[in-house]
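Subject: Structure handover

Hello,

Here is the structure we discussed. My notes on it follow below.

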Amino acid sequence: MGKILFPKYFPSCPTDGAEYVVEGQTNALRSGIEETMKLFWRPKKIKLSGSYFGFDDTTAQCNIPLTFEFIIQSPYGSEEEMICEPYRRWTIASQFNTYLPLGEFVWDSKPYTYDSQESLFTLNEIVLGLIDANNPEYTCACRCAVFLAQRYPEENYPEGQRYDWQTVNICGVFFNVATYVDPAREDIGYIVPTVEVTEWWSYGGTYNTSTGEPL
């Protein structure tokens, strides 16, 4: 199976993505062809997790847990399926203390170009709300969220939204991971997110499925 690890480009050819990067509204972290291919061919499960602290505010009914976890998984049953049916979207493997506020979870194989054929990005993104365990029917009591995306809002857009951005590396591709806390809550809490690949494709036993390293 190792021979199909890096076929030429992708199962779907990169297309122009200029319309998705709007000056004054959005930006995108970009990567080269080799790195962007790895994002499709190598990881089998990716975990966005972390801790959030200090949200103990009884007046806002906000006393949420200390940890959260959201794991997504490849929709394929084997490496062969990735070639034969390349247009599937990833699925949710499990989640803990999170919810999708507006269903913002898109992770698939389609790459886009920007400026040149060697400058690529994806529309892959996860937007999570964090659950208030003491008040599950009103999950946004604390109004805090975690974002993971290559395409992201530029500073001060939308107006009034404040994000704490940091860059993470997934298989050599840079993503922005951001946290948002309601300004009214900023003085009582903060979020520390992490991102990691938890399982990799083995390609006939040539790669360690826990680390992604060659065997």
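Arg42 lies over the face of Tyr207, at 4.2 Å from the ring centre. The rule for a charge over a ring: NZ of Lys or CZ of Arg within 6 Å of the ring centre and within 35 degrees of the ring normal.

Two notes on the source. This is a predicted model, where local features need pLDDT of at least 70 and side-chain atom pairs count only at pLDDT 80 or more, while totals for chains, interfaces and linings use all residues. Residues are numbered from 1 along each chain as its sequence is written, and side-chain values use heavy atoms, with hydrogens and water left out.

Gly212 sits in the segment after strand S17 (190–200). Helices (H or I, at least four residues) and strands (E, at least two) are DSSP runs, numbered from the N terminus. Leaving aside neighbours within four places in sequence, Gly212 is in contact (heavy atoms within 4.5 Å) with Arg42, Trp200 and Tyr207. Gly212 and Arg42 are 170 residues apart in sequence, yet 7.6 Å apart in space, C-alpha to C-alpha. Gly212 is buried, at a relative accessible area of 9%. Buried means under 20% relative accessible area, exposed over 50%, and partly exposed in between (1.4 Å probe, protein chains only).

Cys171 is found in the loop between strand S15 (164–170) and strand S16 (173–181). Cys171 is buried too, with a relative accessible area of 14%. Not counting residues up to four places away in sequence, Cys171 touches Glu35, Lys38, Leu39, Pro43, Val197 and Trp200. Cys171 and Val197 are 26 residues apart in sequence and 8.1 Å apart in space, C-alpha to C-alpha.

Now the aromatic rings. Rings of Phe, Tyr and Trp (its six-membered ring) pair if their centres lie within 6.5 Å; planes under 30 degrees apart count as stacked, over 60 as edge-to-face and the rest as tilted. How many aromatic pairs does this rule give? The count is nine. Phe40 and Trp41 have ring centres 4.7 Å apart and planes at 80°, so they are edge-to-face. Phe40 is buried at 7% relative accessible area, and Trp41 is buried at 1%. Phe70 and Phe105 have ring centres 5.8 Å apart and planes at 85°, so this pair is also edge-to-face. Phe70 lies in strand S6 (residues 67–73) and Phe105 in strand S9 (residues 105–106), so the pair ties together parts 35 residues apart in sequence. Both Phe70 and Phe105 are buried. Ring pairs also link Tyr20, Tyr112 and Phe121 into a cluster.

Next, cavities. On a 1 Å grid over the protein atoms alone, a cavity is a set of points where a 1.4 Å probe fits but cannot get out; lining residues have an atom within 4 Å of a point. Grid points are joined across faces, edges and corners, and a volume is the space filled by probe spheres set on the points. The count is one cavity of 30 Å³ or more. The largest cavity has a volume of about 80 Å³. Its lining has 10 residues, of which Leu39, Phe40, Asp108, Ser109 and Asn124 lie nearest the centre. Helix H1 (residues 33–41) gives the most to that lining, with three residues.

Last, the overall picture. The chain has two helices and 17 strands. Of its 215 residues, 46% count as buried.

Best wishes

Key:
1 Å grid on protein atoms, 1.4 Å probe; cavity = no way out; pocket = protein on both sides within 12 Å on 5 of 7 lines; lining within 4 Å.
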